[in-house]
Amino acid sequence: MAYSPHTEADHQRMLGAVGVDSIEDLFDDIPARVRATRFAIPPPLTEQEVRAELSRLADRNRIASVSFLGAGAYRHLVPSVVTEVIGRSEFATSYTPYQPEVSQGTLQSIYEFQSLICELTGMEVASASHYDGATATAEAALMACRLTRRHRIAISTAVNPQVRRVLATYCSGPGIELIEVPADLAEGGSGLTEVPSAEGLLDDSVACLVAQQPNFLGGIEPMRELADAAHAVGAQLVAVVEPTSLAMLEPPGAYGADIVAAEGQPLGIPVEFGGPYVGLMAARMESVRQMPGRLVGATRDAQGRKGYVLTLQAREQHIRRERAASNICTNQALCALAATAYLTAVGPAGLREVAERSMIQARHVASAIEAAGLGERRFETPYFAEVSVHVPDAARRHAALAERGIVAGYPLEGEYPELADTLLLAATELTTDDDVAALVAGLEAQR
Amino acid sequence: MSVAERPPSTDASGRGAAFHSPEAGGEPTVVQPLIFEASVPGRRAVRFPPASEAARAAAAGQPSLPASVLRAQAPHLPEVSELDLLRHFNRLSHLNHAIDLGFYPLGSCTMKYNPKVNEWAASLPGLAGSHPLDPAALSQGSLELEWLLAELLKEISGFAAVSLQPAAGAHGELTGMLMARAYHRSRGEGEQRTKVLVPDSAHGTNPATATMVGYQTVTIRSNERGGIDLEALRAALGPDTAALMITNPSTLGIFEDQIDQVVAAVREAGAISYMDGANLNAILGRFRPGEAGFDVMHFNLHKTFSTPHGGGGPGAGPVGVSERLAPFLPAPLPLLVEGDPDEVRGKAWAGRSTPGARFALEEPDARPTSIGRVRSHTGNFGMFVRAYTYIRSNGDAGLRAVSDDAVLAANYLRVRLAGAYDLPYDRICKHEVVFSGRRQKRQHGVTTLDIAKAILDHGIHPPTIYFPLIVEEALMIEPTETESLETLDRFVEIMLGIAELATSDPEALKRAPETTPVGRLDEAGAARRPDLRHVFPDAATEPD
Amino acid sequence: MNPDDLRYSREHEWVRVDGGEAVIGITSFAAGELGDIVFVELPEPGARLRQFASFGVVESVKAVSDLFAPISGEVTHVNTDLRERPELLNSDPFGGGWIAKVKLSDTAELDALLDSGAYAELTAG
């Protein structure tokens, strides 16, 4: 009723053509015994009424005036031009490009996306995206199992806890064993994955080692050594990376990563309570046939025009069915387009500025907290744009500050019991000096 | 490849005219250059304010990044002005067909109108700016929206509980099968139950999902009426059956009129019944799978509930479950921890908040029977906002009318095209109808692919082709409820015209499409010699 | 069209026997059903094939199919040309599109295969 155009006259004409008296007749084949006995949905709303309802819900949220919360989802600038690009209904209201002749817009933009992800990560092939970073990581680890024909996966505890949980769920189906490689969380420790522990736990039954850079606690991992440890036993390194950090940090392709996974949300996608985000995956060309997800390739038509098509589809569910590498069907095309537009809008200089500003403000807030005697960094090791800071009585102060609209990062104790009274503080290019001052003042007031 | 010989009258961001290479037959002509071709060193679109001196000074005392972890060379991101960027993507968008431009009768995809008020809602700063890890006190609106959407989906489907977590339909299927496995394990039958049954008309995601969970797929034939063969199903069911995955209405667009017997047989065998909810658009208000005894179903919010397809996502695939599967739902669930559910719902339906009502996410590990997380955070929240807006806009009468009109439109096309194309199942259909192009193939060598390509020249998108697999030269048409009678009639004229051309001038169809930005593309070449990325001249990785 | 000197399996593979060595491939009928072939997953030299068991995969643009060994034996050579030019399976399936050479373990297995006439009947229906 809200959007159907049919008038009573239209109904009559169609019913007449079909040869039934009423629409009810078209549902005669639903046996009475299985018909719905209730449908207690509220009545229809006009546009102004539904706007009021959604505004009611939006107003029940309190968007923090000052936030140092990251932990896998980051508040970056979403340039207006990015919003404009993904708002074009030719992109938004089109389907998966199974008829390439009328889908070159989507297909070429995905090819550009694949190219940009390869550039950022230093890898040879990138997929057209996955649901999020966590599922991309799980799919990457399972891909390593297929490539090596091994059934155990080693994962550092310094990888995002949500990613680890998703991997555990994905492994439970095919019965793949997960091994945890501990991070050094002791007092005075590094906050990084312990390479000797990794070496000790890796053997030729392990398909891959999954490590994150920067890790969940903000630290810069010894990725090259971890790659060496994996390769020494014929296992793969699955590197989980943060895309804006790749403006500054060595790309995983250069330090020996075999498969790369990432959460692409920082690239032009709002935090919007956790989704839709976009998972990135990249690998070497020799592994491409085991890579799940859509791939777009360049080709030509009979007139010699350049064009793009979904390719290597024989990997996918609609052809392989029970022999497919993954069941993935929908990707996150519009979010991948946002990332493509974002990387184009900021360019190499802009992405570097985002990374630099984020790093400076993370150091600024850590330094300000230390200078005020409110706490100290939990680890001495270098970090990118997120830092673990020990603050006495952190949980109480965090809750009290939240009431006042200040989110003092992410309390780590819930996921890492060894890290009591430790807050994970994230900064981005949107973090201002006033934000730092407000956090310091807020913590001070809560002494 | 390089783009040579730019026409002198255009600048770098010139209208995407064909660029001709001087060496004929060498370089392809380009419809719209890659964004990398418009890149000029030093250009940029977005700038950021510099860090203050005070911030830099404070930062100086902190550890810097060691040189060994730094990138040697900046990534080759495009360097373009904001205007060039916008022109590039606008021109690309012009190369797409979309619902907002024309008819898109893709069977099984439900390409209905995507209401723009949904977009307005999703971009409200209070919703778009809500961080998933904010303390619950700051996210009451987000949590309430998720809770209310779950309540609505429960009511629509008749299921006891709903999780919004899965990111897509296939992801919902994975979730459903993982829950089935957990259920059987909880009853000590995990080892014995190894098989998933699917009809031969099933979507490819169904067997692919079964494999991901470590199950073996067994295919059950369909009967001559287009439903699952009940006897074959009964014969295949046994103590080794984990689940049946079935779509209802089937992928042939036909309601399974023995569905209660199907569900009962599965339950009796101790197995889990899974309904693929892709075709929900046909049965809103008329059939509630949870009420009919199904154990689990996924919803496609990007089909029935109008969230935009986005060129291939994002979607959302929430799952509804029966009581016996509820303990296994993904965690964490959004909960109403303080307040009476009936009161909160009732007030929300009247557009009001309930004072004192409080929502929170389930505590981690509060429900040890859960299969755990299937993704980060609580799901594709942006799509929840859109679906919630859609359901509230339509309301009870609107949702019923959706199915009424979707089914009427599909039957209208069925009778109008039944003379020109073979109709394998000549009976009342639901929201989609499956034809076969076998007459055109056998008599004139014109395949369903040729028919689809010819439709493109009329500015509309073809129906789904070659699915389901059990119909030769399948052509699956789903008009949806949002297309006018004029659009439907024009489609009929086009299809009748193509049927006529198949007899009088089949070569014309084989040349199609001729008016689209590109013609039929060399897919074999694309797969044999994959070119999956633009390689930059001084790239760190060598081209293959 | 189906060479007379070959033997054929019901899964559309062929065998050419030359003393104790056999050459195997897929038939033109199979290649036609698959459409434009884009990839072949070849066995490794030294791999042991078992008659009628799967030993590789062939992919076209729109389909994927297992390869089933028409006879048992040890793989001595594979046709590496197929890596660069999988289209040989479409253009020359009985000649340049051969897949592997196999040291026969049991010539009696040939009795389970069809001659060209019987295979032609199988594919006519």
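Contact here means heavy atoms within 4.5 Å, and the model shown in these close-up views is a predicted one.

**View 1. Packing of helix H5 (residues 140-157) of chain B with helix H10 (residues 341-349) of chain B.** The axes of these two helices come within 11 Å and cross at roughly 95 degrees, and H5(B) and H10(B) are therefore roughly perpendicular to each other. From H5(B), the residues Glu144(B), Trp147(B), Leu148(B), Glu151(B) and Leu152(B) meet Pro341(B), Val344(B), Arg345(B), Ala348(B) and Trp349(B) of H10(B).

**View 2. Packing of helix H6 (residues 133-148) of chain A with helix H7 (residues 161-172) of chain A.** The two helices pack at an angle of about 45 degrees, their axes lying 8 Å apart, which makes H6(A) oblique to H7(A). The crossing of H6(A) and H7(A) is right-handed, and the contact is made by residues that include Ala134(A), Ala138(A) and Leu142(A) on H6(A) and Val163(A), Leu167(A) and Tyr170(A) on H7(A). Nine of the residues in the contact of H6(A) with H7(A) are nonpolar, two are polar and one is charged.

**View 3. The interface between chain A and chain C.** Here six residues of chain A are in contact with 10 residues of chain C, and the area buried between the two chains is about 710 Å², of which carbon and sulfur atoms give 48%. The count between chain A and chain C is one salt bridge; Glu59(C) forms a salt bridge with Arg289(A), in which the closest N and O atoms are 3.5 Å apart.

Notes
Residues numbered from 1 in each chain as written. Chains lettered and ligands numbered in written order. Predicted model: local features only at pLDDT ≥ 70, side-chain atom pairs only at ≥ 80, totals over all residues. Heavy atoms only, no water. Axes fitted to C-alpha atoms, helices over the stretch in contact; angles between N-to-C directions. Helix = DSSP H or I, 4+ residues; strand = E, 2+ residues; numbered from the N terminus. Parallel < 35°, antiparallel > 145°, perpendicular 65-115°, else oblique. Left-handed = near helix turned anticlockwise from the far one by under 90°. Nonpolar A, V, L, I, M, F, W, Y, C, P; charged D, E, K, R; others polar. Buried area = accessible area lost by both parts, 1.4 Å probe. Salt bridge = Lys/Arg side-chain N within 4 Å of Asp/Glu carboxyl O.
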